[in-house]
Amino acid sequence: MSKQLLKLLPIVLFIIMYACTNDNEEDLFPDSDCDTQNVTYSQTVAPIIQANCLVCHAQNIQTAGINMEGYNNVKIYAQNGFLYGAISHAPGFTPMPYGLAKLPACDIQKIKAWIDAGALNN
Ligand code: HEC
(Lines give C-alpha, C1' and ligand atoms only; values in the text may rest on other atoms or scores of the structure.)
Protein backbone atom coordinates (compact mmCIF):
# COMPACT_ATOMS: atom_id res chain seq x y z
CA MET A 1 0.00 0.00 0.00
CA SER A 2 1.39 3.42 -0.92
CA LYS A 3 1.90 6.18 1.64
CA GLN A 4 -0.85 8.14 -0.04
CA LEU A 5 -3.35 5.35 0.52
CA LEU A 6 -2.29 4.88 4.14
CA LYS A 7 -3.07 8.53 4.79
CA LEU A 8 -6.55 8.02 3.36
CA LEU A 9 -7.26 4.90 5.42
CA PRO A 10 -8.64 6.68 8.53
CA ILE A 11 -10.98 8.68 6.33
CA VAL A 12 -12.20 5.57 4.57
CA LEU A 13 -12.74 3.81 7.92
CA PHE A 14 -14.64 6.82 9.21
CA ILE A 15 -16.94 6.79 6.20
CA ILE A 16 -17.62 3.07 6.64
CA MET A 17 -18.37 3.50 10.35
CA TYR A 18 -20.57 6.49 9.69
CA ALA A 19 -22.48 4.61 7.01
CA CYS A 20 -23.17 1.81 9.50
CA THR A 21 -24.42 4.11 12.27
CA ASN A 22 -26.73 5.62 9.69
CA ASP A 23 -28.43 2.29 9.05
CA ASN A 24 -32.20 2.38 8.87
CA GLU A 25 -34.37 1.81 11.91
CA GLU A 26 -35.82 -1.52 10.88
CA ASP A 27 -32.39 -3.11 10.68
CA LEU A 28 -31.16 -1.66 13.97
CA PHE A 29 -34.31 -2.09 16.02
CA PRO A 30 -36.29 -4.96 14.55
CA ASP A 31 -39.88 -4.90 15.74
CA SER A 32 -39.79 -7.94 18.01
CA ASP A 33 -43.55 -8.32 17.87
CA CYS A 34 -43.37 -8.76 14.12
CA ASP A 35 -43.78 -12.38 13.07
CA THR A 36 -41.66 -12.97 9.99
CA GLN A 37 -42.02 -16.74 10.17
CA ASN A 38 -44.14 -18.44 7.52
CA VAL A 39 -44.07 -15.44 5.23
CA THR A 40 -45.23 -16.37 1.73
CA TYR A 41 -45.77 -14.54 -1.54
CA SER A 42 -49.46 -15.36 -1.79
CA GLN A 43 -50.47 -14.88 1.87
CA THR A 44 -48.15 -12.02 2.87
CA VAL A 45 -46.41 -10.15 0.08
CA ALA A 46 -49.11 -10.04 -2.60
CA PRO A 47 -51.75 -8.55 -0.25
CA ILE A 48 -49.35 -5.81 0.94
CA ILE A 49 -48.48 -4.90 -2.64
CA GLN A 50 -52.10 -5.09 -3.71
CA ALA A 51 -53.14 -2.68 -0.94
CA ASN A 52 -50.28 -0.19 -1.34
CA CYS A 53 -48.73 -0.36 -4.79
CA LEU A 54 -51.10 -1.58 -7.49
CA VAL A 55 -52.98 1.70 -7.60
CA CYS A 56 -49.88 2.98 -9.46
CA HIS A 57 -47.97 -0.12 -10.56
CA ALA A 58 -50.46 -2.60 -12.04
CA GLN A 59 -50.76 -4.27 -15.42
CA ASN A 60 -52.98 -1.47 -16.73
CA ILE A 61 -51.31 1.48 -14.91
CA GLN A 62 -47.58 1.05 -15.09
CA THR A 63 -46.32 4.27 -13.47
CA ALA A 64 -42.63 4.75 -14.24
CA GLY A 65 -42.92 1.62 -16.39
CA ILE A 66 -43.24 -0.56 -13.31
CA ASN A 67 -45.77 -3.38 -13.09
CA MET A 68 -46.00 -5.12 -9.70
CA GLU A 69 -48.99 -7.27 -10.55
CA GLY A 70 -48.35 -10.99 -10.27
CA TYR A 71 -45.43 -13.02 -8.96
CA ASN A 72 -43.29 -12.88 -12.12
CA ASN A 73 -43.31 -9.08 -12.07
CA VAL A 74 -42.77 -8.68 -8.32
CA LYS A 75 -39.88 -11.14 -8.46
CA ILE A 76 -37.96 -8.85 -10.84
CA TYR A 77 -37.97 -6.00 -8.31
CA ALA A 78 -37.42 -8.33 -5.36
CA GLN A 79 -34.26 -9.68 -6.98
CA ASN A 80 -32.84 -6.43 -8.37
CA GLY A 81 -33.13 -4.73 -4.96
CA PHE A 82 -35.62 -2.05 -6.00
CA LEU A 83 -38.58 -3.42 -4.04
CA TYR A 84 -36.81 -3.36 -0.68
CA GLY A 85 -34.82 -0.23 -1.53
CA ALA A 86 -37.97 1.72 -2.33
CA ILE A 87 -40.13 0.57 0.62
CA SER A 88 -37.32 0.88 3.18
CA HIS A 89 -36.57 4.39 1.87
CA ALA A 90 -32.94 3.45 1.31
CA PRO A 91 -30.61 6.10 -0.10
CA GLY A 92 -30.57 6.11 -3.90
CA PHE A 93 -34.16 4.94 -4.31
CA THR A 94 -37.33 6.96 -4.71
CA PRO A 95 -39.28 6.29 -1.49
CA MET A 96 -42.46 4.23 -1.96
CA PRO A 97 -45.39 4.32 -1.78
CA TYR A 98 -44.89 7.57 -3.71
CA GLY A 99 -45.95 10.65 -1.73
CA LEU A 100 -47.58 8.51 0.94
CA ALA A 101 -46.61 7.32 4.43
CA LYS A 102 -43.97 4.63 4.74
CA LEU A 103 -45.39 1.13 5.11
CA PRO A 104 -45.67 -0.23 8.68
CA ALA A 105 -42.28 -1.52 9.87
CA CYS A 106 -43.63 -5.05 10.20
CA ASP A 107 -44.81 -5.13 6.57
CA ILE A 108 -41.36 -4.02 5.46
CA GLN A 109 -39.71 -6.70 7.62
CA LYS A 110 -42.01 -9.37 6.19
CA ILE A 111 -41.20 -8.41 2.62
CA LYS A 112 -37.50 -8.42 3.49
CA ALA A 113 -37.84 -11.88 5.06
CA TRP A 114 -39.55 -13.15 1.90
CA ILE A 115 -36.80 -11.66 -0.32
CA ASP A 116 -34.03 -13.02 1.91
CA ALA A 117 -35.60 -16.48 1.71
CA GLY A 118 -35.27 -16.38 -2.06
CA ALA A 119 -38.41 -14.52 -3.18
CA LEU A 120 -40.19 -17.81 -3.80
CA ASN A 121 -43.54 -18.24 -5.52
CA ASN A 122 -45.12 -19.75 -2.41
C1 HEC B 1 -49.27 7.20 -5.99
C2 HEC B 1 -48.62 6.35 -6.96
C3 HEC B 1 -47.60 5.36 -6.47
C4 HEC B 1 -47.75 4.40 -5.48
C5 HEC B 1 -48.94 4.16 -4.59
C6 HEC B 1 -46.54 3.62 -5.50
N7 HEC B 1 -45.67 4.10 -6.45
FE8 HEC B 1 -43.86 3.34 -6.92
N9 HEC B 1 -43.55 4.86 -8.23
C10 HEC B 1 -44.43 5.89 -8.47
C11 HEC B 1 -43.78 6.90 -9.27
C12 HEC B 1 -44.38 8.21 -9.74
C13 HEC B 1 -42.46 6.42 -9.51
C14 HEC B 1 -41.35 7.13 -10.26
C15 HEC B 1 -40.67 8.02 -9.23
C16 HEC B 1 -39.40 8.66 -9.73
O17 HEC B 1 -38.41 7.95 -9.89
O18 HEC B 1 -39.41 9.87 -9.91
C19 HEC B 1 -42.36 5.14 -8.85
C20 HEC B 1 -41.23 4.38 -8.85
C21 HEC B 1 -41.12 3.16 -8.18
C22 HEC B 1 -39.94 2.34 -8.16
C23 HEC B 1 -38.60 2.69 -8.80
C24 HEC B 1 -37.86 3.46 -7.71
C25 HEC B 1 -36.53 3.98 -8.12
O26 HEC B 1 -35.75 4.34 -7.21
O27 HEC B 1 -36.25 4.07 -9.32
C28 HEC B 1 -40.22 1.23 -7.43
C29 HEC B 1 -39.30 0.04 -7.14
C30 HEC B 1 -41.57 1.37 -6.97
N31 HEC B 1 -42.09 2.55 -7.45
C32 HEC B 1 -42.20 0.46 -6.16
C33 HEC B 1 -43.37 0.73 -5.48
C34 HEC B 1 -43.91 -0.12 -4.43
C35 HEC B 1 -43.29 -1.41 -3.96
C36 HEC B 1 -45.05 0.47 -4.00
C37 HEC B 1 -45.95 0.03 -2.89
C38 HEC B 1 -45.35 -0.10 -1.59
C39 HEC B 1 -45.23 1.68 -4.79
N40 HEC B 1 -44.19 1.81 -5.68
C41 HEC B 1 -46.31 2.55 -4.67
C42 HEC B 1 -45.73 5.96 -8.04
C43 HEC B 1 -46.28 5.17 -7.05
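Threonine 40 is in contact (heavy atoms within 4.5 Å) with Val45, Trp114 and Asn122, leaving aside residues up to four places away in sequence. The structure is a predicted model, in which local features need pLDDT of at least 70 and side-chain atom pairs count only at pLDDT 80 or more, while totals for chains, interfaces and linings use all residues. Residues are numbered from 1 along each chain as its sequence is written, and side-chain values use heavy atoms, with hydrogens and water left out. Threonine 40 belongs to the loop between α2 (25-28) and α3; helices (H or I, at least four residues) and strands (E, at least two) are DSSP runs, numbered from the N terminus. Threonine 40 counts as buried because its relative accessibility is 18%, where buried means under 20% relative accessible area, exposed over 50% and partly exposed in between (1.4 Å probe, protein chains only).

The chain contains 6 helices and 0 strands, in the order α-α-α-α-α-α along the sequence. Of its 122 residues, 30% count as buried. Among contacts between residues at least 6 apart in sequence, 54% join residues at least 24 apart.

Helices α3 and α6 have axes that come within 10 Å and cross at roughly 130°. Axes are lines fitted to C-alpha atoms, for helices over the stretch in contact, and angles run from 0 to 180 degrees between N-to-C directions. The two helices are therefore oblique to each other; angles under 35 degrees count as roughly parallel, over 145 as roughly antiparallel, 65 to 115 as roughly perpendicular and the rest as oblique. The crossing of α3 past α6 is left-handed, a term used if the near helix is turned anticlockwise from the far one by less than a right angle, with right-handed used if clockwise. Tyr41, Thr44, Val45 and Ile48 of α3 make the contact with Asp107, Lys110, Ile111 and Trp114 of α6. Threonine 44, in helix α3, is buried because its relative accessible area is 11%. Apart from residues up to four places away in sequence, threonine 44 touches Asn38, Val39 and Lys110.

Glutamine 109 is situated in helix α6 and is buried, with a relative accessible area of 14%.

The iron atom of the ligand has His57 (NE2) and Met96 (SD) as its protein donors, at 2.0 to 2.3 Å. Donors are N, O and S atoms within 2.8 Å of the metal (3.2 Å for Na, K and Ca); water is not among the atoms, so sites may look incomplete. The site is octahedral, with angles of 87 to 178° among its 6 donor atoms. Six donors count as octahedral if opposite donors are over 155 degrees apart and all others between 65 and 115. Histidine 57 counts as buried, at 11% relative accessibility.

Cysteine 53 is also placed in the loop between α3 and α4, and counts as buried at 15% relative accessibility. Cysteine 53 and asparagine 67 are 14 residues apart in sequence, and 9.3 Å apart in space, C-alpha to C-alpha.

Terms used
Four donors count as tetrahedral if all angles lie between 85 and 135 degrees; four count as square planar and six as octahedral if opposite donors are over 155 degrees apart and all others between 65 and 115; anything else is irregular.
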